[in-house]
Amino acid sequence: MSELVLAGLLVLLGALALVAVSAADLLIAAIALGAYGFALALVWAALGAPDVSFTEAVVGAGATTVFFLAALLRTSRRRSNVPNPQRLVALGAVLAVGLVLLVATRQLPLWGDVGAPPSTHVSPRYLERTLEETLTPNAVTAVVADYRSYDTLIETLVIFTGGLAGWLLLARPR
Amino acid sequence: MIERHESVVVTTFARLVIPLTHLFALYVLVHGHESPGGGFQAGVILAAGYILMALAFGREQLDRHVNERLCLALASGGVLLYVGTGVPGIVTGSAFLDYSALPLPLSPARARWLGILLVETGVTAAVAGTLIVLFVRLADRDPDA
């Protein structure tokens, strides 16, 4: 059953991605991209990753769409024409990268494999000791904000500096 | 300049939804220890509430609540709160971002629990401030804004 739902969601993802890249009206493309983010959030939820799903829903489906719409306000809704040779080069590059990724995927451990390195390295330590050491039942929160706090600090700094850079770029000269 | 939306349906709906959005953001932040979510998601939801306010009631209304200076202060303050929570760890000779070194009469586990809440609050402020400022700058076409 859950495999069926997952397969349906993945087909939906592919369809929405195609709409997003092929729509002549960029407003439709932006909305399709938002729907794509929402479908992706459902995929994460179906895979048992509610925290990732939550982030994808608020950022991928919500914030990104609003920012694309705001950007569209400043430009045109129409797609500009790209000459055919460039299109073919782009298509070739996308297909080549896709093929490489597909081949690389075969090397990844199976999803849910308890013997895989991600499940045997530090994960058991976190899962066993989180509640005792941090009184936090949601191990994801404890890992993100305590055990791997450096990563989260740098992420926050990236968002902050990225936002500042965008703010400075968008500031108009008087 | 983002103007107030003309439709009464939009403004009434927004008036109803904005407080709930902000309440939900607060819930996602403080309940991050127990349920999915945390500082980052809470920050985006908080910003979404203010972006809805700008879209429904116009830029002036948003500026009455959070103007650009406040957003930038919020964003920088959030980053400082995060870094500041990590400093006691260095001072006491432990490690940067070791929350159990917080100078409070708490058990080490409870101090780490509090430290998580503090840094998540910092992330919320940083993300919300950054997103609001970026959105206003991106969407607002007024040359002298």
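1. Let's start with a salt bridge. Asp146(A) pairs up with Arg112(B), and their closest N and O atoms sit 2.8 Å apart. The term salt bridge here stands for a side-chain nitrogen of Lys or Arg within 4 Å of a carboxyl oxygen of Asp or Glu. Across the interface of chain A and chain B, the rule finds two salt bridges. Which parts of chain A supply at least two residues each to the side that touches chain B? They are helix 3 (50-74), helix 6 (123-134), helix 7 (139-147) and helix 8 (149-170). Helices (H or I, at least four residues) and strands (E, at least two) are DSSP runs, numbered from the N terminus.

2. Before going on, some ground rules. This is a predicted model, in which local features need pLDDT of at least 70 and side-chain atom pairs count only at pLDDT 80 or more, while totals for chains, interfaces and linings use all residues. Residues are numbered from 1 along each chain as its sequence is written, chains are lettered from A and ligands numbered from 1 in the order in which they are written, and side-chain values use heavy atoms, with hydrogens and water left out.

3. Now the interface as a whole. Chain A brings 41 residues to the contact and chain B brings 46 residues, where contact means heavy atoms within 4.5 Å. About 3,900 Å² is buried between the two chains, and carbon and sulfur atoms give 69% of that. Buried area is the accessible area (1.4 Å probe) that two parts lose on being put together, summed over both. There are also 15 residue pairs in polar contact between chain A and chain B, both residues being at pLDDT 80 or more. A polar contact is a pair of N or O atoms within 3.5 Å; within protein, one must be able to donate a hydrogen and the other to accept it, and residues adjacent in sequence count only if both atoms are side-chain atoms.

4. Take a look at Thr152(A), which is in helix 8 of chain A. Is Thr152(A) buried or exposed? Thr152(A) counts as buried because its relative accessibility is 10%; buried means under 20% relative accessible area, exposed over 50%, partly exposed in between (1.4 Å probe, protein chains only). A polar atom of the Thr152(A) side chain lies 2.4 Å from the backbone oxygen of Val144(A). Leaving aside residues up to four places away in sequence, Thr152(A) touches Val144(A), Ala145(A), Tyr82(B) and Val123(B).

5. Most residues other than glycine have a negative phi. Leu135(A), however, has a positive phi, near 55°, and Leu97(B) has a positive one too, near 70°. Leu135(A) is in the loop between helix 6 and helix 7 of chain A, and counts as partly exposed because its relative accessibility is 31%. Leu97(B) is in the loop between helix 3 (68-91) and helix 4 (108-139) of chain B, and counts as buried because its relative accessibility is 6%.

6. Finally, the chains themselves. Chain A splits into domain 1 (1-79) and domain 2 (115-174), with bounds from an automatic or database domain assignment; their C-alpha centres lie 23 Å apart. Chain B has four helices and zero strands, and its C-alpha atoms fill a box of roughly 60 × 35 × 20 Å along the principal axes. Of the 145 residues in chain B, 50% are buried.
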